[in-house]
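Here is a short briefing for someone meeting this structure for the first time. Please look over the sequence and the model, then read on.

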Amino acid sequence: MISVVLVDDHAVVRSGIRLLLDGQDEIEVIGEAGNAKDALFRARALKPDVILLDVVMPGESGIEVLPRLLEASPETKVLVLSMQDDPSYVREAFAAGAHGYVLKEAVDDEVVSAVREIARGGRYVHPTLGARMVTADAEERAAAEADPLSEREGEVLRLLALGHTNQEIAELLYISVRTAESHRAHIMQKLRLATRAELVRYALSHGLLVEDSS
């Protein structure tokens with residue numbers, strides 16, 4: 001049997017999911033919680049195979065409490081239930097320790113499949129969400145390759161190319177000398193540059209030394 005604890009602040013939602021899961025021969029709902037505090041208590045006391053966790057709850061959110069749920073019951077797998085279909089939310093959930101991500105609008109057989117999948121050690125994301133994540137990751141990589149430096153790194157690069165020292169850059173940008181040195185190291189590493197001359201050439205070729213006429 002796959003033991004499940006439901007965590008959602010809406011009793012009606014919990015009732016619907018319980019009815020769905022209890023209708024499966026190999027799944028048993030052994031507890032419910034309506035907030036993060038109760039969820040932690042259930043996780044410690046019941047050690048379920050799976051926690052079905054809502055994201056939006058009063059007080060502490062599901063994402064915020066997720067790491068502590070896994071500390072309370074390390075063998076438990078967490079399936080996040082959310083209304084958010086943005087890839088960034090999915091990444092945030094998995095970064096917090098989630099094993100699966102299901103949209104609330106898909107509370108049907110998909111939830112059953114997701115519970116089964118993560119209970120046996122797999123991961124689950126709705127196929128459409130998975131495709132969006134792949135697309136978003138590809139776009140981010142392309143953007144990083146086109147312009148690998150952050151805005152602050154671009155500022156530091158320009159000042160370095162103009163001949164400023166780390167101390168001067170720190171004063172101009174109101175940062176510590178150590179931070180300025182760290183930015184310089186990251187810039188050289190990202191751009192695969194070895195000398196100041198190469199750095200100046202890069203800045204010139206990318207128009208970083210042209211004064212803003214606006």
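Predicted model: local features only at pLDDT ≥ 70, side-chain atom pairs only at ≥ 80, totals over all residues.

The protein has 10 helices and six strands. Of its 214 residues, 41% are buried. Among contacts with a separation of 6 or more, 62% join residues 24 or more positions apart.

**The sheet**

- Six strands form an open sheet with parallel pairing. Their order is β2-β1-β3-β4-β5-β6.
- The edges belong to β2 and β6. Each of these two has a single partner strand, so one side of each is left without a neighbour in the sheet.
- Strand β1 covers residues 2–7, and strand β3 covers residues 50–54. The two pair in the parallel sense over four bridges.
- Leucine 6 stands opposite leucine 52, which belongs to β3.
- Valine 125 sits in strand β6. This valine is partly exposed, with a relative accessible area of 23%.
- Histidine 99 is 26 residues from valine 125 in sequence. In space, the C-alpha atoms of valine 125 and histidine 99 are 8.8 Å apart.

**Helices on the sheet**

- Helix α2, residues 36–46, lies across β1, β2 and β3. Helix α2 runs at about 140° to β2.
- Helix α3, residues 62–72, also packs on the sheet. This helix touches β3 and β4, the latter spanning 77–82. The direction of α3 makes about 160° with that of β3.

**Helix α4 and its end**

- Helix α4 spans residues 87–96. Its buried residues are Pro87, Val90, Ala93 and Ala96.
- An α-helix has 3.6 residues a turn, so residues three or four places apart point the same way.

**Where α7 meets α10**

- Helix α10 covers residues 196–205. Helices α7 and α10 pack at an angle of about 115°. Their axes are 9 Å apart.
- The crossing of α7 and α10 is left-handed.
- From α7, the contact uses Leu157, Leu160 and Ala161. From α10, it uses Arg196, Leu199, Val200, Tyr202 and Ala203.
- By class, this contact of α7 with α10 has seven nonpolar residues, one charged residue and no polar ones.

**Salt bridges**

- How many salt bridges does the structure hold? There are 10 salt bridges in the structure.
- Glutamate 32 forms one of them with arginine 14. The closest N and O atoms of this pair are 2.8 Å apart.
- That bridge links distant parts of the chain. Glutamate 32 lies in strand β2, residues 27–33, and arginine 14 lies in helix α1, residues 11–22. The two are 18 residues apart.
- Is arginine 14 buried or exposed? Arginine 14 counts as buried, because its relative accessibility is 15% and the cut-off for buried is under 20%.
- Glutamate 32 is partly exposed, with a relative accessible area of 22%.
- Arginine 18 forms a salt bridge with aspartate 22. Their closest N and O atoms are 3.5 Å apart.
- Why are arginine 18 and aspartate 22 separated by about one helical turn? The reason is that they are four residues apart in helix α1.
- Arginine 18 is partly exposed, at a relative accessible area of 27%. Aspartate 22 is partly exposed too, at 37%.
- Arg14, Arg18, Asp22 and Glu32 are linked in a network of salt bridges.
- Another salt bridge joins glutamate 155 and arginine 152. Here the closest N and O atoms are 2.7 Å apart.
- Glutamate 155 and arginine 152 lie in helix α7, residues 151–161. They are separated by about one helical turn, because they are three residues apart in that helix.
- Glutamate 155 is partly exposed, with a relative accessible area of 30%. Arginine 152 counts as partly exposed, at 31% relative accessibility.

Methods:
Residues numbered from 1 in each chain as written. Heavy atoms only, no water. Salt bridge = Lys/Arg side-chain N within 4 Å of Asp/Glu carboxyl O. Buried < 20%, exposed > 50% of the residue type's maximum accessible area, 1.4 Å probe, protein only. Axes fitted to C-alpha atoms, helices over the stretch in contact; angles between N-to-C directions. Left-handed = near helix turned anticlockwise from the far one by under 90°. Contact = heavy atoms within 4.5 Å. Nonpolar A, V, L, I, M, F, W, Y, C, P; charged D, E, K, R; others polar. Pairing = 2+ DSSP bridges.
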